[in-house]
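Here is a short report for a first look at this structure. Keep the sequence and the 3D view at hand while reading.

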Amino acid sequence: MEINYSDELVVKGKKSIFLAGPTPRGENITSWREEAVKILENLSFDGLVYVPEYSTWKPKEDYVDQAMWERNALLESTIIVFWVPREIPNMSGFTTNVEFGYWLHSGKVLYGRPDGAPKIKYLDWLYKEDYKKDIHTYLESLLKEAVNLANNSYHECNKSILPLEKRIIIEES
């Protein structure tokens, strides 16, 4: 597994999973993405993982550079995993809300959040309404589905993602 952090150039043309969701806003808060990376390693994911945080796990310094990196990586990703362990005020995820709505109809979104996460009712409703799928409440089950879908959505022979019209709403295999 290869990890592409936001303080690196965006790697292109590979089977990939983007880890979307709230980013900690302080250095004393551990990112949920660290656990996600460990889970993906344990699942033997053999693709690329886009982590929209610095490789040092410190908070971002340049907003525009960060936003452009994320946009490019989201475009390149095979699957976009939205995990929303929202905690106010340390991981509010306000940008996550916008990104979720923006990317929902890309055909490559999976969504989950832990039980008890605050202020997620609309995200839940929208995902169920548009995808007709249950919401994952465990990060590991969400990532298992992401690995399966990434493996089935990416064609190594031509290094491309299935055309959007073939994956309006991704289905679990």
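Tyr63 is found in helix α2, which covers residues 63–76. In this predicted model, Tyr63 is exposed, with a relative accessible area of 52%.

Together with Val64 and Met68, Tyr63 makes a nonpolar surface patch of about 340 Å².

## The chain as a whole

The chain has 173 residues, and 48% of them count as buried. Its secondary structure comes to 5 helices and 7 strands. From the N terminus on, the order of elements is β-β-α-β-α-β-α-β-α-α-β-β.

The accessible surface comes to about 9100 Å². Carbon and sulfur atoms hold 50% of that surface. Among contacts with a separation of 6 or more, 72% are between residues 24 or more positions apart.

Helix α1 spans residues 32–42. Its buried residues are Trp32, Arg33, Ala36, Val37, Ile39 and Leu40. Seen down the axis of α1, these buried residues fall within an arc of 160 degrees, so they line one face of the helix.

At the start, a side-chain oxygen of Ser31 comes to within 3.1 Å of the backbone nitrogen of Arg33. After the helix comes Ser44, with a positive phi near 60 degrees.

## Trp32

Trp32 sits in helix α1. Is Trp32 buried or exposed? Trp32 is buried, with a relative accessible area of 6%. Leaving out residues up to four places away in sequence, Trp32 touches Leu19, Ala20, Gly21, Pro22, Trp83, Pro85, Met91 and Leu139.

Two of these partners come with distances. The side chain of Trp32 reaches the backbone oxygen of Pro22 at 2.7 Å. Leu139 is 107 residues from Trp32 along the chain, and their C-alpha atoms are separated by 9.3 Å.

Thr96 lies in helix α3, residues 94–103. Thr96 is buried, with a relative accessible area of 3%. Beyond its neighbours within four places in sequence, Thr96 is in contact with Gly21, Pro22, Phe82 and Val84. Gly21 and Pro22 are also among the residues that Trp32 touches.

Tyr154 belongs to strand β6, residues 154–155. Tyr154 is buried too, at a relative accessible area of 7%. Thr78 is 76 residues away along the chain, yet the C-alpha atoms of Tyr154 and Thr78 are separated by 6.7 Å.

## Salt bridges

Side chains of opposite charge can pair when their charged atoms come close. The count here is 6 salt bridges. One of them joins Lys15 and Asp46, with the closest N and O atoms 2.4 Å apart. Lys15 lies in the loop between β1 and β2 and Asp46 in the loop between α1 and β3, so the pair ties together parts that are 31 residues apart in sequence. Lys15 is buried, at 13% relative accessible area, whereas Asp46 is exposed, at 57%.

Arg113 forms a salt bridge with Asp124, the closest N and O atoms being 2.6 Å apart. Arg113 lies in the loop between β5 (109–112) and α4 (121–131), and Asp124 in helix α4, so the pair ties together parts 11 residues apart in sequence. Arg113 counts as buried at 13% relative accessibility, and Asp124 counts as buried at 10%. Another salt bridge joins Glu145 and Lys133, at 2.4 Å from N to O. This pair links distant parts of the chain, with Glu145 in helix α5 and Lys133 in the loop between α4 and α5, 12 residues apart. Glu145 is buried, at 6% relative accessible area, and Lys133 is buried, at 13%. Salt bridges that share partners also join Arg113, Asp115 and Asp124 into one network.

Technical notes:
Residues are numbered from 1 along each chain as its sequence is written. This is a predicted model: local features need pLDDT of at least 70, side-chain atom pairs count only at pLDDT 80 or more; totals for chains, interfaces and linings use all residues. Side-chain values use heavy atoms; hydrogens and water are left out. Buried means under 20% relative accessible area, exposed over 50%, partly exposed in between (1.4 Å probe, protein chains only). Helices (H or I, at least four residues) and strands (E, at least two) are DSSP runs, numbered from the N terminus. The arc is that of the directions from the helix axis to the C-beta atoms. A polar contact is a pair of N or O atoms within 3.5 Å; within protein, one must be able to donate a hydrogen and the other to accept it, and residues adjacent in sequence count only if both atoms are side-chain atoms. Patches are made of residues with over 30% relative accessible area and no salt bridge: like charges are joined within 9 Å, nonpolar side chains (Val, Leu, Ile, Met, Phe, Trp, Tyr) within 5 Å. Accessible areas come from the Shrake-Rupley method with a 1.4 Å probe; for residues, only the protein chains shown count as cover. A salt bridge is a side-chain nitrogen of Lys or Arg within 4 Å of a carboxyl oxygen of Asp or Glu. Contact means heavy atoms within 4.5 Å.
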